[in-house]
Amino acid sequence: MTTNGGHRPVFCTIVPPHVLDRLSQAEDPLVHGPARRTLRRDAYERTQRRLTTVVGAPAVTTRATAAEPGTPQRTVYDAEHGTDLPGVKARGEGEEPGQDATVNRAYAGLGATFELFLKEFGRDSIDGSGLPLDATVHYDRDYNNAFWNGEQMVFGDGDGEIFLDFTVAVDVIGHELAHGVTQYTANLDYFGQSGALNESVSDVFGALIKQYTLGQTAEEADWLIGAGLLAPRVTGVALRSMKEPGTAYDDDVLGKDPQPATMDDYVRTGRDNGGVHINSGIPNHAFHLAATTLGGHAWERAGQIWYDVLTGGELDQDAQFTDFATLTVKAARARYGEGAELNAVTKAWERVGVRTL
């Protein structure tokens, strides 16, 4: 349960609005058509989420009974290219894989996320109390996004021109479910620096889930978010790079990755809720620096520190970068003392230009 005044679920997408805006202006109808439809659909879903919050309807509903403690309860639905959620049940917990690879990837990604949080952080599902995990695939036609709507995961198939099936990257699944973890803990406001922290936390845990699934150390990992999502025609490797923010793509149609790596290049904008998907590159880079300095598996020390801050009850909803950084230093000291962990975290924030108090 959040200590910050109750859950305020928000509509969070993996592809930022500024990317879709750029694509919507392309001359090629195969590019601008799906982008415009995705923007319209996202606007509708975002409005529905705000209305749900305003009128006081239950923010989170479950379609399945909570499982025994420490066991997942996954259900994957098929929207059959419509937009009514959740859709037709395609696979439930414990059922054998079917012939639909998208359904199977979604099911596996939900499981990987559940496993990391349970085994490494002692968290039973995203709410800490065994919340069933629901996902819908094959959402709409040529839908270029995946999102968490406060209740469940939703995946588009992509348009095949710019984006491919959004279940191909397990870190995307983990990223969106991590928004649910934030929803139930720090409940970070989705605007400005607190919104960028919200996005960054999801990137951090998305990356950790990918590394955990692959058994990778911090040095072995690529630190890319959404690798495999970009279609062959796109000049790029992923949606974001935590190792080198601003280098994930540089494409004539998609544009250039605008993420800054340090506060020297912080972007001040009114778009994208104050640049939540853009400026998240700064705390992302700080985590990468801390994790690679410490070495080994990133979820074991750096990830534990970030998790302690997210769930510790001291992180305000409107926290700024300095607030978060200061709490990571405090958490490192509390858990590990005056050792390598504290030094790695402190220096990581120094290198990206964020002060710690």
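## Close-up views of a predicted model

**View 1. An open sheet of 6 strands.** The strands run in the order β1-β5-β6-β4-β2-β3, with mixed pairing. At the edges lie β1 (12–13) and β3 (88–92), each pairing on one side only. Here strands (E, at least two residues) and helices (H or I, at least four) are DSSP runs, numbered from the N terminus, and two strands pair if DSSP finds at least two bridges between them. This is a predicted model, where local features need pLDDT of at least 70, side-chain atom pairs count only at pLDDT 80 or more, and totals for chains, interfaces and linings use all residues. Residues are numbered from 1 along each chain as its sequence is written, and side-chain values use heavy atoms, leaving out hydrogens and water.

**View 2. Strands β2 and β4 side by side.** Residues 74–78 (β2) and 133–137 (β4) pair in the parallel sense over 5 bridges. Look for Y77, which stands opposite T136 in β4.

**View 3. Helix α5, residues 192–214.** Its 23 residues reach 33 Å from first C-alpha to last, close to the 33 Å expected at 1.5 Å a residue (1.5 Å times one less than the number of residues). Of these residues, 21 are buried (under 20% relative accessible area, 1.4 Å probe, protein chains only).

**View 4. Where α5 meets α7.** Now find L197, S200, D203, V204 and L208 of α5, which meet P283, N284 and F287 of α7 (heavy atoms within 4.5 Å).

Conventions:
Buried means under 20% relative accessible area, exposed over 50%, partly exposed in between (1.4 Å probe, protein chains only).
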